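I wanted to go through this model with its sequence alongside and keep a record of each thing I looked up.

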Amino acid sequence: MSPSEVQQKMTAQTIFRTLLDRANIISSKYQVKQLHAQILKMEPASPTHLSRLISIYSNFNLLHDSLLLFNTLHSPPVLAYKSIIRCYVANGLLVQSVALFLQMRASGKQPDHHVFPSLLKSCALLSDLKLGESIHGCIIRLGMDFDLYTCNALMNMYGKLQKVIEPALDQNVSLNQARYILPKTNANNTILNQCYRKRNCSYLAEVDRRGSMMDSVKKVFEMMLERDVVSWNTVIAGNAENGKYEEALMLVREMGNDNLKPDSFTLSSVLPIFTEYVDLHKGKEIHAYVIRHGFDNDVFIGSSLVGMYAKCARVEDALLVFNILPQRDSISWNSIIAGCVQNGLFDEGLRFFHQMLKAKVKPVPVSFSSIMPACANLTALHLGKQLHGFIIRGGYDDNIFVSSSLVDMYAKCGWKCRE
């Protein structure tokens, strides 16, 4: 090999190493494959270089290419394992991600803090609390329970698992309805009472589990040496969703004392608190903060403000916020519809419902349970029947809230029509 060829090879190797070290330079899947081809042509690639290449493949969610390269490695480094685990999760292959983590541990490799966020996401998506707690134990044993991103992922996992655990209220309602359907015999009453006891025990167990989930979020949060906005938002939202409003507001104040500014997620989490308190003054303070910091175009905050003003019987303010929203999703439409109906503006509620349909926003169960009282109060039986047909076609007729609003609409329309 001539000196010029050696020089060219060394220059190419330097370029490839630079590209591998600075993966953000590569902007397309085509460029990744070009880089891979050139590396194979120029030199026998080291496991470190191939691991970095796997990481770039996984950034573009190229699972097949990542696996082909991964399987060529005799003893894959942690970076390669981490990349494949992340790619598995991105493709919904959750069990495979956990299995690969176990394979990595069996091979004697020590996972770093980049591995656990993807793994904890798998636990949340699998709704597997025991697995999540086992991973948490592994994190503690490896001394990574003080890492910012790992702790944020832990709190997020416990928060999502808490949302999965829903009390079986609908089942209890069904049992209540069964009392009126089944013949009133001693045998039937005994069976129903036994079912109620079992369901109530199950309900209490679920409540305990929800409480323990929130306790786990708090414990992780309190142990953190470093916190960012994501950390604060996770624990604030958790308290707000569980009705612990004082704790949530106190945490917002503490967040400010920690020199961190609330973002759009923080504000959309705390606004419903003032809705529950019907505290218009505090709600307006948050609205002013939203405007000063440029969050007034945010659809989530806008929807929360609409709901807050509507609950405080300030429909004019709710309409002002709704009308300036640059984009509207189903939450913002449902907020203004429910706000109008709750405040007796039934025609306005129906008008917004028609506008939502024209905007090609698909109604959800809460849309129907919100608009049905308008049909009932306006004795719009024909419209109510049309909506009933829409509900059946959409498969929402088994929703307890939609069903009860339908029953109420038919009862009111039938009573008033007879008069």
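I am working on a predicted model, in which local features need pLDDT of at least 70 and side-chain atom pairs count only at pLDDT 80 or more, while totals for chains, interfaces and linings use all residues. Residues are numbered from 1 along each chain as its sequence is written, and side-chain values use heavy atoms, with hydrogens and water left out.

**Cysteines.** I searched the whole structure for disulfides and found zero, taking a disulfide as a pair of cysteine sulfur atoms within 2.5 Å. I then looked up Cys87, which is buried at a relative accessible area of 0%, and Cys340, which also counts as buried at 0%; buried means under 20% relative accessible area, exposed over 50% and partly exposed in between, with a 1.4 Å probe and protein chains only.

**Helix H13.** Helices here are DSSP runs of H or I with at least four residues, numbered from the N terminus. I noted that H13 covers residues 245–257 and reaches 19 Å from its first C-alpha to its last, close to the 18 Å expected, the expected span being 1.5 Å times one less than the number of residues. Its buried residues are Ala248, Leu249, Leu251 and Met255. They lie on the same side of H13, because they cover an arc of only 155 degrees around the axis, as given by the directions from the helix axis to the C-beta atoms. Exposed Arg253 and Asn257 sit on the face turned away from that buried side.

**Helix H21.** I recorded Leu383, Gly384, Leu387, Gly389 and Ile391 as the buried residues of H21, and just after this helix Gly395 takes a positive phi of about 75 degrees.

**Met223.** I located Met223 in helix H11 (residues 186–223), where Met223 counts as partly exposed at 46% relative accessibility.

How values were computed
Helices (H or I, at least four residues) and strands (E, at least two) are DSSP runs, numbered from the N terminus.
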